[in-house]
Amino acid sequence: MDFRTDIIDVTRRHYETKIEQHRINAEVILNHAIGTGGSDDITQAFDYQITQMAMYENKLLTLKHYFK
């Protein structure tokens with residue numbers, strides 16, 4: 001068993017899954033924003049999802065750069 005490869009792989013999949021989870025949340029906000037509160041609430045909720053995507057994308061890029 002190669003634990004190094006396993007750890008890197010599972011971490012990569014985790015980051016990719018989190019990116020997709022937040023992307024789907026952002027799509028839901030964009031497509032079903034009616035009844036979620038004021039526009040500030042909607043834009044803040046959307047911004048939060050984008051921020052989370054960026055954070056996990058940065059982690060993914062860092063992982064790929066340093067741990068090939």
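Which residues make up the largest nonpolar core? In this predicted model, that core holds six residues in all: Ile8, Tyr15, Ile19, Tyr56, Leu60 and Leu63. Helices α1 and α2 each supply at least two of its residues.

**Core and aromatic pair**

- A search of the whole structure finds one aromatic pair.
- Its members are tyrosine 15 and tyrosine 56, with ring centres 6.0 Å apart and planes at 45 degrees, so the pair is tilted.
- The pair links distant parts of the chain, its two tyrosines being 41 residues apart.
- Tyrosine 15 belongs to helix α1 (residues 3-31), and tyrosine 56 belongs to helix α2 (residues 39-66).
- Both tyrosine 15 and tyrosine 56 are buried, and both are members of the largest nonpolar core.
- Isoleucine 8, another core member, touches Leu63 and Phe67 when residues up to four places away in sequence are not counted.
- Leu63 is itself part of the core.

- Alanine 26 lies in helix α1.
- Its relative accessibility is 5%, so alanine 26 counts as buried.
- Beyond residues up to four places away in sequence, alanine 26 touches Phe46 and Gln49.
- The C-alpha atoms of alanine 26 and methionine 53 are separated by 9.6 Å, and the two residues are 27 residues apart along the chain.
- Glutamine 49 sits in helix α2.
- Glutamine 49 is also buried, with a relative accessible area of 10%.
- Leaving aside neighbours within four places in sequence, glutamine 49 is in contact with His22, Asn25, Ala26 and Ile29.

**Salt bridges**

- Side chains of opposite charge can pair when their charged atoms come close.
- The count here comes to four salt bridges.
- Asp9, Arg12, Arg13 and Glu16 are linked in a network of salt bridges.
- Arginine 12 and aspartate 9 both lie in helix α1, three residues apart, about one turn of the helix.
- Arginine 12 and glutamate 16 are four residues apart in helix α1, again about one turn.
- Arginine 12 is partly exposed, with a relative accessible area of 26%.
- Aspartate 9, at 25% relative accessibility, counts as partly exposed.
- Glutamate 16 is partly exposed too, at 32%.
- Glutamate 20 forms a salt bridge with arginine 23, the closest N and O atoms being 2.7 Å apart.
- Why are glutamate 20 and arginine 23 separated by about one helical turn? They are three residues apart in helix α1.
- Glutamate 20 has a relative accessible area of 35% and is partly exposed.
- Arginine 23 is partly exposed as well, with a relative accessible area of 33%.

**Nonpolar surface patch**

- Met1, Phe3 and Ile7 make a nonpolar surface patch of about 440 Å².
- One of these residues, phenylalanine 3, is found in helix α1.
- Is phenylalanine 3 buried or exposed? Phenylalanine 3 counts as exposed, because its relative accessibility is 57% and the cut-off for exposed is over 50%.

Conventions: Residues are numbered from 1 along each chain as its sequence is written. This is a predicted model: local features need pLDDT of at least 70, side-chain atom pairs count only at pLDDT 80 or more; totals for chains, interfaces and linings use all residues. Side-chain values use heavy atoms; hydrogens and water are left out. Rings of Phe, Tyr and Trp (its six-membered ring) pair if their centres lie within 6.5 Å; planes under 30 degrees apart count as stacked, over 60 as edge-to-face and the rest as tilted. Buried means under 20% relative accessible area, exposed over 50%, partly exposed in between (1.4 Å probe, protein chains only). Patches are made of residues with over 30% relative accessible area and no salt bridge: like charges are joined within 9 Å, nonpolar side chains (Val, Leu, Ile, Met, Phe, Trp, Tyr) within 5 Å. Accessible areas come from the Shrake-Rupley method with a 1.4 Å probe; for residues, only the protein chains shown count as cover. A salt bridge is a side-chain nitrogen of Lys or Arg within 4 Å of a carboxyl oxygen of Asp or Glu. A nonpolar core is a set of buried Ala, Val, Leu, Ile, Met, Phe, Trp, Tyr and Cys residues joined through side-chain atoms within 4.5 Å. Contact means heavy atoms within 4.5 Å.
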